[in-house]
Amino acid sequence: TSAEIEQTFTPISYSKGGMVLRMLEKHIGADTFREGLQQYLRKHEYGNAEGQDLWHEFGEVTRQPIAEMMQQWTNQMGYPVLDVARDGTQLTLAQRRFTYGRIADDKTWIIPITIETDVGEKQKIMLQEKTGIVTVPEGAQWVNINAGRDGLFRVKYSDELQASLGRALALGKLGNYDRWGLHNDLAALSIAGEVSLKQYLDFVDSYRNEDDYLVLNDVLRALRGFSIVAAEESFLPEIHKEARIIYDSVLKILGMTPSSGEQE
């Protein structure tokens with residue numbers, strides 16, 4: 001029916017579907033993704049196919065549990081958040097469904113994860129259980145989970161790991177997608193009540209010299225949202241103070257005098 005069509009083809013369906021496909025392509029690589037797609041088209045060019053047939057072909061070319069992985073991502077509601085803590089060279093990753101309410105369930109996903117540190121090469125792993133242990137290089141000063149923001153999940157770092165990423169961000173060690181993702185995750189976790197507003201504002205201070213539009217738009221939009229929600233609260237000036245710091249930095253970069261050829 002028309003009502004069923006409207007429910008099926010929604011922005012959430014398209015956005016999540018596109019992100020899941022992007023996550024899969026980044027995990028297995030563009031060439032392998034293309035090989036699996038070509039194999040699927042050749043096998044079914046004169047017949048009918050179902051969604052699982054495509055995942056099966058990706059599994060054939062990668063020798064990985066792609067069908068099981070994609071069934072979880074397409075059939076389960078929502079997406080996960082990873083709780084990450086560090087003890088020496090050991091990272092503990094624990095997954096759960098991310099929600100803005102206190103909804104407890106036992107859903108898990110097979111999650112492809114890219115891990116970046118300031119030492120050595122990036123690691124690619126698949127978390128197939130509720131928890132997992134990963135070894136990172138000794139001497140790594142910071143650890144960035146979901147490097148490049150290819151995965152459809154949020155990350156909640158321990159206080160120590162979050163602080164180290166703030167220092168790396170302030171020193172320009174992270175790309176714009178990662179700077180955006182770190183902020184976006186922390187803002188969402190603050191809205192969900194998992195991170196205090198003070199922790200959020202302390203971290204946002206690392207963006208005082210930010211010059212990327214994607215990142216700045218996310219930070220300033222979040223600060224505006226918090227200021228609306230906290231309009232009657234005593235800590236509203238703290239939000240405004242942080243926003244002014246960010247805006248002042250942008251104005252210093254842009255300048256108040258039009259450049260040659262720039263409209264006034």
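Buried here means under 20% relative accessible area, exposed over 50%, and partly exposed anything in between, with a 1.4 Å probe and protein chains only. Keep in mind that this is a predicted model: local features need pLDDT of at least 70, side-chain atom pairs count only at pLDDT 80 or more, and totals for chains, interfaces and linings use all residues. Numbering starts from 1 along each chain as its sequence is written, and side-chain values use heavy atoms, with hydrogens and water left out.

**Aromatic pairs**

Let's start with the rings. A pair of aromatic rings is described by the distance of the centres and the angle of the planes. Rings of Phe, Tyr and Trp (its six-membered ring) pair if their centres lie within 6.5 Å; planes under 30 degrees apart are called stacked, over 60 edge-to-face, and the rest tilted. There are seven aromatic pairs in the structure. Two of them look like this:

| Pair | Distance of centres | Angle of planes | Class |
|---|---|---|---|
| Trp73 and Trp109 | 6.0 Å | 40° | tilted |
| Tyr200 and Phe226 | 4.9 Å | 50° | tilted |

Helices (H or I, at least four residues) and strands (E, at least two) are DSSP runs, numbered from the N terminus. Both Trp73 and Trp109 are buried.

In the other pair, Tyr200 belongs to helix α8 (residues 197-204) and Phe226 to helix α9 (residues 213-229), so parts 26 residues apart in sequence are tied together. Tyr200 has 0% relative accessibility and so counts as buried; Phe226 is buried too, at 13%. Elsewhere, ring pairs join Phe33, Trp55 and Phe58 into a cluster.

Contact means heavy atoms within 4.5 Å. Leaving out residues up to four places away in sequence, Gln72 touches Thr108, Trp109 and Ile110.

The loop between β2 and β3 also holds Thr99, which is buried at 12% relative accessibility. Its side chain reaches the backbone oxygen of Gly101 at 2.4 Å. Such a polar contact is a pair of N or O atoms within 3.5 Å; within protein, one must be able to donate a hydrogen and the other to accept it, and residues adjacent in sequence count only if both atoms are side-chain atoms.

A nonpolar core is a set of buried Ala, Val, Leu, Ile, Met, Phe, Trp, Tyr and Cys residues joined through side-chain atoms within 4.5 Å. The largest one has 67 residues, and those with the most contacts inside it are Ile113, Ile145, Tyr200 and Leu223. Helix α9 supplies the largest share of this core, seven residues. Neighbours within four places in sequence aside, Leu223 is in contact with Tyr200, Leu201, Val204, Ile239, Glu242, Ala243 and Ile246.
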